[in-house]
Amino acid sequence: MTLLTYLRRKLGLTGTKLGCAEGGCGACTVMISKFHPHLKCIVHHAVNACLAPVCSLHHCAVITVDGIGTVASRLHPVQERIAKAHGSQCGFCTPGMVMSMYTLLRNNPEPSMVDIEEAFQGNLCRCTGYRPILEGYKTFAKVLDFGLWYCALMYDPSKFIPLDPTQEVIFPPELLNLGKQPPRQMKFKGERVLWIQPSTLTELLDLKSHYPESKLVVGNTEVGIEMKFKNLLYPVILAPAYISELNSTIFPSNTGIVFGAACTLTLLGEVLRDAVAKLPTYQTEVFKAILEQLRWFAGKQIRNVAVCLEQTIIKYCYRKTALKPEEILLSIEIPYTKKGQYFSAFKQSPRQEDDIAIVTCGMNVVFKEGSNIVEKILLSFGGMAPTTVIPKTTCKKLIGSAWNEKLLEDACASLAEEMVLPPSAPGGMVPYRRTLTLSLFFKFYLTVKHYLAVDLQHEVPHEGNKNVISEDFVGRPIMHLSALKQATGEAVYCDDIPCYENELHLALITSTKAHAHILSIDTGEAMTVPGVVAFVFAKDIPGSNITGPAFYDESVTCVGHIVGAVVADTQAHAQRAAKVVKITYDELKPIISIQDAIDSQSFYQPVRTMKKGDTAQGFKDSDHILEGEIHIGGQEHFYLETNCTVAVPKGEDGEMELFVSTQTASKTQALVAKALGVPANRIVCRVKRMGGGFGGKESRSIILSTVVAVAAMKRPVRCMLDRDEDMLVTGGRHPFLGRYKVGYMTSGKIIALDVTFYANAGNSKDLSFSIVERALFHMENSYNIPHVCGTGYMCKTNLPSNTAFRGFGGPQGMMVAESWMSDVALACGIPSYEVRRMNLYNEGDLTPFNQRLEQFTIGKCWEECLDISNYMKRQGAVEEFNRQHRWTKRGLSIIPTKFGISFTSVFLNQAGALVHIYTDGSVLLTHGGTEMGQGLHTKMVQVASRALGIPCSKIFISETSTNTVANTSPTAASASSDLNGMAVYNACQTLLQRLEPYKVKNPKGSWEDWVNAAYFDRVNLSANGFYNNSGRAFNYFSYGVSCSEVEIDCLTGRQKTLHTTIVMDVGKSLNPAIDIGQVEGAFMQGLGLFTLEELHYSPQGSLLTRGPGMYKIPAFGDIPVELQVSLLRDSPNDKAIFSSKVLGEPPLFMAASVFYAIKDAITAARSESGLSGPFRLDSPATSERIRNACEDRFTKLCPPAEPGTYTPWAVRV
């Protein structure tokens, strides 16, 4: 049992959250304290509770977010600051953030900014964009420049509770006494595993001899994941964490430092850091290289428990070892270096922080004394084979050579021949990986060449200015109403609801084939698993099977297709049983990719077309015509709280109550009622809050809710999907292929456009028609093209159905537009910002769907963005930098967005609200929207506060439920604050009219006086509100412009965003703190979409990236070094509540400025190789794509294999 399960299920401490179950997101972070018998002191470490076995915590104290402060009693400063700095939106990651910071402060009450940033390397957030978290916690730093703060008017740091280290919870004295006693052997016997903790080395060796196949575990960072996700079982586990010989650190005088195999990576880093400070520089080359790699190895929580024993074996030979079964690794020695010896280590990964390497290497060279002649050289590469590879032939050739250009040429040619990979190698990216071996050696060559000339100068990391400019707002920057509860762990999410007495747990049975007929289902072995109560299949559905499991004799149409479910007494038992259900298939040929669908003409109907003008004539009138295409990859929602449903039968009349993490309570109610065969009035769906949604819980949450409801007809049933299950079954953002033909003049003016979109819809239409339609609505982005024709196809494939995602097709449509705009600028040889500016819409222009642009502010946003970013000066600096640097290039781009606000399905543009005023003057507000971190409830309270003329403190929103406001639209399309805000306002106006006579009669009375007078006069103090907007395509548009500057490493493809300025038109902001948070969060999600996040599918249609270990979202280190957000002044919007504009989705596309800045930098790199003109760069612009696009002599040595000559590891879908 993990610590997380023990905390949540045994102790009922639900503040600590389950985000991934593999130590990759940090939501489960807690602090472990223990007396370290070898260091002779108490140590505090942040750890992942989802990986820590309870039996490994003997003599340890555990502090969770629940135990350091509460809203009702006393907040801890760490909790208060993240909340009041607006660093908590959905709040699901917040307890983990709090505990990471809390642990840092327990160890160092006055940390540096570097310490703070390092503390969060193992924490992820999908909502905030990270900046407000760092800004809030900057206040703990010992050196702080308040001039960098954007939040001067958002909150007052001087009012924060001061940190008092003397008031912290002490380490229990009884544990201190026990920790000082000699260790003794302990055994814990579980259901399937025997855990033994030996106390001496002799005991360990005896046990290893007796149990030769046993596993040695200290941190459980690898074995825990193998047992959970790979179904491996280790009946005997040996835990040598307290054996003195394995924890010792020895400093020999001549050779190096010896570390015991159970020393944690954190301890290793501390010892090496101390050695670097004390020893001569020439002796510590290896130490410094290891310290640099440790910065990027996993997160702090993993490094605190991962040990040399595990990681040395794993990294040398992945999941293999040269040790005999009865042997153990006792220690490792890290050697000193000597004069004339140079050592470097490199790691290239998709994301720099906490990521698995694509290619990693260590390189060591020793020169003959006083010369540049190589005496010894050793190169070692990881990621080029299942085990570490040493190119012996290359190393042998280089011995005796001078360190010059000829050695470089010889080495690269030899490495290209020796470091080969089959084109279908696991992990893919074969040309890139081969090129990296050359590029990384070239970096080593340059480093050593510099060493030989002068002493190496280390760059000091630059702490960037993340200043954000605030504007003059109508609304107040009120803190998210749940922020304090979220920071203390008291906010209740779906799975935090206490278990019912007779509750059962459900696990899904899913297809392992992309397209097949089911021949048989064998549950025999699964029935033998302890605790199994029942199985649920299609035959058990009393009503409609529209969204539930596949019928027994039907085809499954994707890997992850829900076939049935297991119900058991615990989640672990249900999952174990589900994994051993045997399904026999008759396989059919699957269609996986967009290209497969095009080749097979596999499309859903109808095909959508949108036209304006005469494209044929437009192309005739154009000076030039170009054609091109761009592929935009899909994206996983990665909401921190996975899909969850608790279904509670009421025992009569078919009634059932559902607690669901969903954006669409009414649709959940309707489809569950259909599945159960009862009217909708028997089902109540309740949503307190969600830990993120982003569109992923608009329709796909229902496939889980219906299954759970069917299983719960007699007893309460709960199911919260694990991260890998959620990613497998729910789908994500639609991958798009855009093909375009553009007619333009020599001046850069665009005359005609013909564009075709292909969207990979998956195995059902879901919301794909509306998504493709919105892509067509945004196919010209912000540009006025006289002649336009757009066509959209929904590709029917055998992938899990793709669905709504923030932007809903708009970002894909606009991304294709910016691709042809970039191509035109490159073809004309005109700066891209000039071409974009000359083609922008103006006030009163008509869109391709014949809607006139009113209150059009793109021009104002554009000019303000140029001004704030100092664009022209920055452009000159970029050009000068590129002239001076061959292998590092910078790029600059400015991108506009025009995003339509409304559901394109007109009937959804409606909302309801219900307002109760109680006799004590308090107000209970309910509306049709759901809270998922976007601050909707907070804004609705602000609307009601202004409408009723009372403080926000008198107004409360409990939840969203179908028995208070019926027939609600999904919380989606960025329209929720507009629609629900007007409905709330409407209800409040009704109540104000009823109270008006009492206000006139008693003008000096209080709110409570008027309410009581009305009550005693028998006036109804409850009111419904309703609103619907016009039937136009869009009620209005949100506008924005962003400018970004990036720097790329042409040898590895790594990129860093140096600067981003965003100017957004939000009308008169209802809440500038929430709005700026939405801008930054959407921007960072877009940054992931366009530069980092990549879903990999096997040729058989199986998702290979099923968790944070393989799928990387932006982390703290991906924030732009400089980030400025400005809300446009003086731009009221007369079509929404209090002249505001919504902005949940529009800012996401602002991250395209980073993508096209990268493309600009690649253009500069290509010019060094004599290449010019348009070139293709697909999205996301990963390090692989950037490196491959920077064509040079190294890429030419590693050409890709011919398509069709091999089976790839992964296919582009």
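View 1. Phe346 has Cys361 of strand 12 as its bridge partner. The model is predicted: local features need pLDDT of at least 70, side-chain atom pairs count only at pLDDT 80 or more, and totals for chains, interfaces and linings use all residues. Residues are numbered from 1 along each chain as its sequence is written, and side-chain values use heavy atoms, without hydrogens or water. Strand 12 (residues 359-367) pairs with strand 11 in the antiparallel sense over 8 bridges. Pairing requires at least two bridges found by DSSP. Helices (H or I, at least four residues) and strands (E, at least two) are DSSP runs, numbered from the N terminus. The open sheet holds 3 strands in the order 11-12-13, with antiparallel pairing. Strand 11 (341-348) and strand 13 (374-382) are the edge strands, each pairing on one side only.

**View 2. Tyr102 in helix 3.** Helix 3 (residues 94-107) contains Tyr102. Tyr102 is buried, at a relative accessible area of 1% (buried: under 20%, 1.4 Å probe, protein chains only). Leaving out residues up to four places away in sequence, Tyr102 touches Met31, Ile63, Ile68, His76, Val78, Glu168 and Val169. Contact means heavy atoms within 4.5 Å. Pro77 is 25 residues from Tyr102 in sequence, and 9.1 Å away, C-alpha to C-alpha.

**View 3. The largest nonpolar core.** This core has 247 residues; Tyr137, Trp403, Phe441, Leu506 and Trp820 touch the most other members. Helix 16 (residues 430-453) gives the most, with 11 residues. A nonpolar core joins buried Ala, Val, Leu, Ile, Met, Phe, Trp, Tyr and Cys residues through side-chain atoms within 4.5 Å.

Definitions and conventions. Buried < 20%, exposed > 50% of the residue type's maximum accessible area, 1.4 Å probe, protein only.
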